[in-house]
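Visitor: I am new to this structure and would like to learn how to read it. Could we go through it feature by feature?

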Amino acid sequence: MITLTFNFPLNVSVQVGDTAYYVPTTTSSSFSVNSSVVQSIGIITSINQSTSTIVTDGSGSAPSPGDFILFSKDNKVNMTSLLGYYANATIRNNSTDKAELFNISTDYIESSK
């Protein structure tokens, strides 16, 4: 288990199940430069927004102070396409001026047959 505590609010998009990573950085002429070697910290198992704390399963290695921390989402869970049998969309125009709708499209995945 690796616990990370930050001095600032956490990104609102971070969720349990995301994978946390870090990139070691060095200082060169007053600039932070990364080593471009991304290291895994582990899968996030707990988040506390009020204390800005993230807990991982510790399957990776722990970062050092000053390392750049980032996270990625599991694309099996966070898909951007519609899934299922039914979708409902409401489009409103509150303007009193004439408006023309040019195109509406969607991308979907059939969930079963």
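Predicted model: local features only at pLDDT ≥ 70, side-chain atom pairs only at ≥ 80, totals over all residues.

Guide: Let's begin with a term: helices (H or I, at least four residues) and strands (E, at least two) are DSSP runs, numbered from the N terminus. Residues are numbered from 1 along each chain as its sequence is written, and side-chain values use heavy atoms, with hydrogens and water left out.

Visitor: How many helices and strands are there in the protein?

Guide: The protein has zero helices and nine strands. Read from the N terminus, the order is β-β-β-β-β-β-β-β-β.

Visitor: Is N93 buried, partly exposed or exposed?

Guide: Buried means under 20% relative accessible area, exposed over 50%, and partly exposed in between (1.4 Å probe, protein chains only). N93 has a relative accessible area of 46%, so this residue is partly exposed. Across the 113 residues of the protein, 19% count as buried.

Visitor: What lies 3.0 Å from a polar atom of the N93 side chain?

Guide: That is the backbone nitrogen of S95. A polar contact is a pair of N or O atoms within 3.5 Å; within protein, one must be able to donate a hydrogen and the other to accept it, and residues adjacent in sequence count only if both atoms are side-chain atoms. Another case joins the side chains of D18 and K73 at 2.8 Å. D18 sits in the loop between strand 1 (2-5) and strand 2 (19-23), and D18 is buried because its relative accessible area is 2%.

Visitor: Which strands pair with strand 2?

Guide: Two strands pair if DSSP finds at least two bridges between them. Strand 2 runs antiparallel to strand 5 (residues 39-48), with four bridges, and Y22 has Q39 of strand 5 as its bridge partner. Five bridges link strand 2 with strand 7, also in the antiparallel sense; here T19 stands opposite S72. Four of the five residues of strand 2 are buried.

Visitor: And where is S52 found?

Guide: S52 is in the loop between strand 5 and strand 6 (53-56). Its phi is near 55 degrees, a positive value in a residue other than glycine. S52 counts as buried because its relative accessibility is 9%.

Visitor: How do I read a pair of aromatic rings?

Guide: Such a pair is described by the distance of the centres and the angle of the planes. Rings of Phe, Tyr and Trp (its six-membered ring) pair if their centres lie within 6.5 Å; planes under 30 degrees apart count as stacked, over 60 as edge-to-face and the rest as tilted. The whole structure holds one aromatic pair. F6 and F8 form this tilted pair, with 5.5 Å centre to centre and 45 degrees between the planes.

Visitor: Which residues line the largest pocket?

Guide: A pocket is an open set of points on a 1 Å grid, where a 1.4 Å probe fits, with protein on both sides within 12 Å along at least five of seven lines; lining residues have an atom within 4 Å of a point. The lining of the largest pocket includes F6, F8, N11, I44 and F71. Strand 7 (residues 68-72) gives the largest share of that lining, three residues.
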